[in-house]
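Student: I have a new structure to go through. Could we look at it together, one topic at a time?

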Amino acid sequence: MPSTIALTVTRYRPEGESEPTFQTYEVPFRKDWVILDALNHVKDNLDGSLSFRWSCRMGVCGSCGMKVNGTPKLTCATFLSDYLPGPIRVEPLDYFPVVRDLVVDLTDFMRKLKKVKPWIIRNEEKPLSEGEYLQTPDQVDTYKQFSMCINCMLCYSACPIYGLEPSFIGPAAIALAQRYNMDSRDEGATERLKILSEHDGLWQCTFVGECTKVCPKHVDPAGAIQQYKLTAATHWIKSLLLPWGTR
Amino acid sequence: MMRRITPLLWLMFSAGGTVAALLFPVHLFLTGLAFPLGWLDAPSYESLHRLLMHPVTRLYLFVLVSLPLFHWAHRFRYTLYDGLQLKHLTELIAVLCYGAAVLGTAMTAYLLWTIP
Amino acid sequence: MSTEPHYTLYHPRWYRRRVSVWWWLQNRSYTAFVLRELTSVFVAFFALVYLWQLRALVHGPEAYAQFLARLKTPRVLALDTVAFLFVLFHAITWFNLTPKAMVVRLRGKRVPDWVIVGLNYAAWLVLSGVVAFVLLRGR
């Protein structure tokens, strides 16, 4: 076991540079350290100017997503020991504007998440006197997987379509829409379908499948999108054959 | 207009892909490899002609040729758009791809209709 | 936030990397994806071969014999071999991805993916057998 490992990190200081550069740091190698530990070691002991996002350090907040040796990963869940002997290249997530060093701008992602109306839509709200909504475990099972998303944006960083077509609404947003569509309490499927059938909605997806590969929570956004395509297509056929029947 | 029929194009892509996946391997193996290389005897003209007399065969052949062409059109259009980043030519590419598929389908339909 | 952000969406100092036209060579998954998409070209190629065969059959026995002879030339054979490999690649990737789009629920529980994939392969075998039988019957 070596005692140190090299970390090659992207640096981008907009006040002085017009392009990102790389800087290498030699950090202690510990068997139980993750990339985030190494980055924090750099910031605490070697170079306080390094900027990066992190929060829970246990894989539930979605803040620490970065590219490690070219693959989008949660740095709090990626062990240094998997990358021996190094050096390990740490870069900001692809396809998002880089604000500084390893920090990217999230505005586009946030805007897209909101666009799909990620809340229970009811034609008429149930009054309190009628009590709670009831759901069987099977009903929960239909959408549970898609509800596990932690908004870490690794899927957007892996999706080449999002890179080529920045207006593409993206895997997490569509999976989130599907999560609500499949919820038995929700009645907003038609409304969401209108939004997602637009030009930069779900039809841009060509099922590359990278989003599912990198998702740390096994949400399977690619599966959600393909299921949604089938639903949208069947809905289209129904609206063609029975124009008065669709709600 | 393209947007309104996107679901239809995707359905035809899926149908064509399924037809191609289920039926093309055996057809290609026989017609493209086994018969020319002599591993198996190619069917005679008379037997194929007899088969073609059945309307079921004609329907089968129509589906076998036309749906995969639409599968190609849809998939290839997106491959050019994304792979080569030809965004500025998107309408031209769409017209050429789907147009070619329509042409192939029309030719198939014409041949199958006018078999003596 | 209930309204659009108040700061500009495109800050001039943010760094935006342009996606290279060789993006699909940068990683094995992307390259495999593009190869998978290119199988459609060989699918179209074989559809045209069958269209050609149909035309030959309509024109009579000599045309059909000519068609069979053309298939034996080494260039066409080589092309057919490559096409066959690509069509196989298409079939295998297609069957493996089908359960992602088609989720079947029986009595509330989702049918496992391997069942859907297995059914696809089974259908493939059965249909291939039927086609081979029909084509090899009249020689």
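Student: In chain C, what share of the contacts with a separation of 6 or more comes from residues 24 or more positions apart?
Tutor: Such residues account for 40% of those contacts in chain C. Two residues are in contact if their C-beta atoms, placed from the backbone, lie within 7 Å. Please note that this is a predicted model, in which local features need pLDDT of at least 70, side-chain atom pairs count only at pLDDT 80 or more, and totals for chains, interfaces and linings use all residues. Residues are numbered from 1 along each chain as its sequence is written, while chains are lettered from A and ligands numbered from 1 in the order in which they are written.

Student: What is the radius of gyration of chain C?
Tutor: Chain C has a radius of gyration of 24 Å, whereas a compact globule of 139 residues would have one near 14 Å. The radius is taken over C-alpha atoms, and the globule rule is 2.2 Å times the number of residues to the power 0.38. Along its principal axes, the C-alpha trace of chain C spans about 75 × 45 × 25 Å.

Student: And how much of chain C is buried?
Tutor: Buried residues make up 24% of the 139 residues in chain C. A residue is buried if 20 or more other C-beta atoms lie within 10 Å of its own, exposed if 12 or fewer, and partly exposed in between, with C-beta atoms placed from the backbone.

Student: How many residues of chain C are in contact with chain B?
Tutor: In chain C, 44 residues are in contact with 44 residues of chain B. On the chain C side, α1 (28-59), α2 (61-72), α3 (74-101) and α4 (113-137) each supply at least two residues. The largest share, 16 residues, comes from α1(C).

Student: What classes of residue are on that side of chain C?
Tutor: They divide into 34 nonpolar, 5 polar and 5 charged residues. Ala, Val, Leu, Ile, Met, Phe, Trp, Tyr, Cys and Pro count as nonpolar, Asp, Glu, Lys and Arg as charged, and the others, Gly among them, as polar.

Student: Let us move to C:Trp23. Where does it lie, and what does it touch?
Tutor: C:Trp23 lies in the segment before α1 of chain C. Not counting residues up to four places away in sequence, C:Trp23 touches A:Pro160, A:Gly163 and C:Tyr30.

Student: Why does C:Trp23 count as partly exposed?
Tutor: C:Trp23 counts as partly exposed because it has 17 C-beta neighbours inside 10 Å.

Student: Now chain A. How is it divided?
Tutor: Chain A is divided into domain 1 (4-104) and domain 2 (107-241); these bounds come from an automatic or database domain assignment. The C-alpha centres of the two domains lie 30 Å apart. In the contact between them, 14 residues of domain 1 meet 12 residues of domain 2. On the domain 1 side, β4(A) gives the most, with 4 residues.

Student: Which residues touch the most other members of the largest nonpolar core?
Tutor: Of its 69 residues, A:Leu7, A:Cys155 and A:Ile174 touch the most other members. A nonpolar core is a set of buried Ala, Val, Leu, Ile, Met, Phe, Trp, Tyr and Cys residues joined through C-beta atoms within 7 Å. This core draws at least three residues from each of domain 1 and domain 2 of chain A. Apart from it lies another core, of 43 residues, among them B:Leu28, B:Phe29, B:Cys97 and C:Val87.

Student: What about A:Asp220: is it buried or exposed?
Tutor: A:Asp220 counts as buried because it has 21 C-beta neighbours inside 10 Å. Phi of A:Asp220 is positive, near 60°.
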